[in-house]
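This report looks at how a pair of packed helices is arranged. Two packed helices are described by the angle between their axes and the distance between the axes.

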Amino acid sequence: MKPLVFGALAGLAATMAMTAFMRRAHEYLPVDEQYPLPPREIVERTVGVEQEEGARNITILSHFSFGAIAGLLYALPAVNRLGGPSYGLGVWAASYLGWLPAFRILAQATDHPARRNLLMLAAHVVWGLALAKCVEELDAADRAFGRVPGKGRQSAERVESGS
């Protein structure tokens, strides 16, 4: 169970890194390509919220939820072997060449401007790198927070002895 929790937490953190990258890279697109990025397009086509604030809130919530779920799946041993960047690119391919067009939510990635595709490909590599590093750090923190019998001083012993 712990690897799944760590994967979901890492997915959330990685989505923050991805979102920061996407926001900054979006500004460098030509003006005619600076329409909302795919997470917002997906919300507009599936939820159809009329109010701008509500649409933004749902976009953020759904984007980070998807990142957490994809991170949780990364914790599965067969998936984890791919490595973070490869997994990130796999998530991109499965989404933008697979289920999003299949459900008529977005057009195939090949129908989008090349620069926007490059932005999203790079964002998914950033996500995958951050995901793998966060999982690694959570595993290390888990070991550091635990007690290893016979190693190091025990804080409870120090309190009892008055030191």
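The model is predicted, with local features needing pLDDT of at least 70 and side-chain atom pairs counting only at pLDDT 80 or more, while totals for chains, interfaces and linings use all residues. Residues are numbered from 1 along each chain as its sequence is written, and side-chain values use heavy atoms, leaving out hydrogens and water.

## Crossing of α2 and α3

Helix α2 (residues 38–46) and helix α3 (residues 52–74), taken as DSSP runs of H or I with at least four residues, have axes that come within 9 Å and cross at roughly 115°. That makes α2 roughly perpendicular to α3, a term covering angles of 65 to 115 degrees. The axes are lines fitted to C-alpha atoms over the stretch in contact, with angles running from 0 to 180 degrees between N-to-C directions.

Where the two helices meet (heavy atoms within 4.5 Å), Pro-39, Arg-40 and Val-43 of α2 face Glu-52, Ala-55, Arg-56, Ile-58, Thr-59, Ser-62 and His-63 of α3.

## Buried residues

In α2, the buried residues (under 20% relative accessible area, with a 1.4 Å probe and protein chains only) are Pro-38, Pro-39, Arg-40, Glu-41, Ile-42 and Val-43, and they pack against α1 (2–26), α3, α5 (84–102) and α6 (114–145).

The buried residues of α3 include Gly-54, Ala-55, Thr-59, His-63 and Phe-64, and what covers the buried residues of α3 includes α1, α2, α4 (77–80), α5 and α6.

Key. Parallel < 35°, antiparallel > 145°, perpendicular 65-115°, else oblique. Buried < 20%, exposed > 50% of the residue type's maximum accessible area, 1.4 Å probe, protein only.
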